[in-house]
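Dear colleague,

I am passing on to you the structure we spoke about, together with some notes on what turned up in it. Please have it open while you read.

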Amino acid sequence: MKKTVLQGVLGAAALAYAATAASAGTLDDVKAKGFLQCGVNTSLAGFSAPNDKGEWSGFDVDYCRAVAAAIFGDATKVKFTPLNAKERFTALQSGEIDVLIRNTTWTISRDTSLGLDFTGVNYYDGQGFMINAKKLSGINSALQLSGASVCVQSGTTTELNLADYFRANKMEYNPVVFEKVEEVNAAYDAGRCDAYTTDQSGLYATRLTLSNPDDHVVLPEIISKEPLGPAVRQGDSQWADVVRWTHYALLNAEEFGITQANVDEMKNSDNPEIKRLLGTEADTKVGTDLGLTNDWVVNIVKGVGNYGELFERNIGSASPLKIARGLNAQWTKGGLQYGMPVR
Amino acid sequence: MANPDLSFVRAEMAGVQPPPRSERGLGSWLRTNLFATPVDAALSALAILFLAWFLPPAINWLFVNAVWTGPDRTVCSTVAQGGIQPDGWSGACWAFVNAKFQQFLYGRYPFGERWRVDLTAVLFVALLVPLLIPRVPHKRLNALLFFVAFPVVAFFLLVGGSFNLSFVETPLWGGLLVTLVLSFVGIAVSLPLGILLALGRRSNLPVIRLLSIIFIETIRGVPLVTVLFMASVMLPLFLPPGVTFDKLLRALIGVALFETAYLAEVIRGGLQAIPKGQFEGADSLGLSYWQKMRLIILPQALKLVIPGIVNSFISLFKDTSLVYIIGMFDLLGIVRQNFSDATWASPQTPATGLIFAGFVFWIFCFSMSRYSIFMENRLDTGHKR
């Protein structure tokens, strides 16, 4: 789409500045402007939160950096737009951001009617329950929660999933609904409800703020599928490919044991698959066909590390959250993360 | 025989006597102020009991048990919570505020450029303080500098992009900086516009009156949240692709228009309280409309509504927190945002952060309120009861 005169006039007259002209190639636009504009969560522990220096940090945030590293060879060439749940899709549709990496659940209605393309699943999440095991000893399944009062945040899909689950299993429950996360946490900690429900990744973050975290257990039932992944505007396959293959590059790097520390040594590896991935094979065109340079994977791993490193650093055992890999383990270790072959 | 004059005229003043013993000292003060009647005594006892129940734990939590410095959540959580404090410990986590303090003030404003915010703040205080103290001369020049020159200088200092200053985009702004920018612009724009609108609504010219009424009633009829939300979610869909308004600018316009409508009504209340004789007197002196308003009516009307105006300003100052919903972080927003930093997540963190934010807001609002009382007393020339 060409920028019309009217748009130009409007832009100037309205003291506005053009973030991105959503023309044919988002990749070309991003390259021209010199940075990636990435939409992230306003605050979600482990995924997107400010650190002590005020810089963004977290799992989703590092994914943004990985995409920037793939394009520019520099993981710092990214600007973050904090978005709340309501404005995230508008921001993507209007071209305010280039890619949305904001723990967004991949559903068919979002994929079709909202004009989005999801490029993969960077974190398999699902809604779960947490209970105070000391108070409710003997309960080890969500199916035993009939008649329980459940703390839940209002206006989320969590609330709807909860209702569906209890109705489907013909159980009674009393929802104790709050608007703010802190209120839900405080109410649960004070014992106002028997169980707490939200996405499992959120349950672990909540546990950190409880007075006696060891008393609380996360029940094994997952009552909803929440595949979280990056989304781009529909109709720009080249750009979707860049974001999609950044994800697969992170996964492949982990599978082949390429880490931030050893990536330079790995360039000398004789393993043909590693050579193809790192672009050291003669006459390789993998990176340039994608619209990037052939050392794109080297740049990603040097910039942020591989998938496993990202996971451990932000939400895994090296972080306060200590979330187990679970479904997000490599396919070789019983998980669902499967990097498509680079060849 | 001369009658001796028996009348006595004291030649010097009697010495000052101390008050009776029963009216002196602590006992008397307690009796008159706290235990004058049985009801007073009961209420006082209740209040003292409440304070005795409430104050020691509060002071304990806030200061005695509090943690002042530390690297992460471990200092603010007990052993069971994965920290170093003994079990059963509870205290304020000032270490969290300490670690995030810069962020609470500046948001994500780049480190190397923060002197620009500091300089703006120094200019602001240096121009505001003499403006507030009645004794200091050159009020006209001072006001001109504060309301005309300062915003221009502040704009170039904070935004940059010229005079060798690097451009700092507004999404990086945050914390107290955003709170103050929004409030200052809101106040500086809304007061003159509000006066004009209030005059417009009382004007004899039907077009001006109608337009003023439509503006005021439309804006007052919609919640600020809705205005901000429309500006952030709906507006981008109407604009051509690739054209975006600066978010802070959207919020500034929204807040300023909103405050204008409210102030206009407050000031109209003041205008209506001025007796008709004042208008007629001004007319009979041959003053023009603007002279009449500037010299006779407005000085009286504004003086009457100082409490209402300051009330609006205080509520505006607190309303700035609503920009949280459009993804901007004022002081409260950035404090709440930092609750999700897993490095600091502990049971004490949210309470400490909210108390800190509340305290900062209280300082600003309380100062405004005290100053308004001072101004009321100073300007109170005819209505003292």
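In this predicted model, strand E10 of chain A, which covers residues 148-153, pairs in the parallel sense with strand E11 of chain A, residues 173-178, and six bridges join the two. Within that pairing, Val150(A) stands opposite Pro175(A) of E11(A). E10(A) also pairs in the parallel sense with strand E12 of chain A, residues 195-199, here over two bridges, and the partner of Cys151(A) in E12(A) is Tyr196(A).

Turning to the nonpolar cores, the largest has 105 residues, and Cys64(A), Val67(A), Val242(A) and Ile300(A) are those with the most contacts inside it. The element that gives the most to this core is helix H3 of chain A, residues 59-72, with eleven residues. If residues up to four places away in sequence are left out, Val242(A) touches Leu27(A), Val67(A), Ala70(A), Ile71(A), Leu290(A), Gly291(A) and Leu292(A). There is also a second, separate core of 49 residues, which includes Phe104(B), Leu248(B), Val310(B) and Val323(B).

For chain B, an unreviewed UniProt entry places the feature "transmembrane region" at several stretches, among them residues 145-167 and 173-200. In the model, residues 145-167 of chain B are 65% helix and 0% strand, with the end C-alpha atoms 24 Å apart, whereas residues 173-200 of chain B are 93% helix and 0% strand, with the end C-alpha atoms 36 Å apart.

With best wishes

Note on methods. Residues numbered from 1 in each chain as written. Chains lettered and ligands numbered in written order. Predicted model: local features only at pLDDT ≥ 70, side-chain atom pairs only at ≥ 80, totals over all residues. Core = buried A, V, L, I, M, F, W, Y, C linked by C-beta atoms within 7 Å. Buried ≥ 20, exposed ≤ 12 C-beta atoms within 10 Å, placed from the backbone. Helix = DSSP H or I, 4+ residues; strand = E, 2+ residues; numbered from the N terminus. Contact = placed C-beta atoms within 7 Å. UniProt positions renumbered as here; feature names shortened; annotations may be inferred. Pairing = 2+ DSSP bridges.
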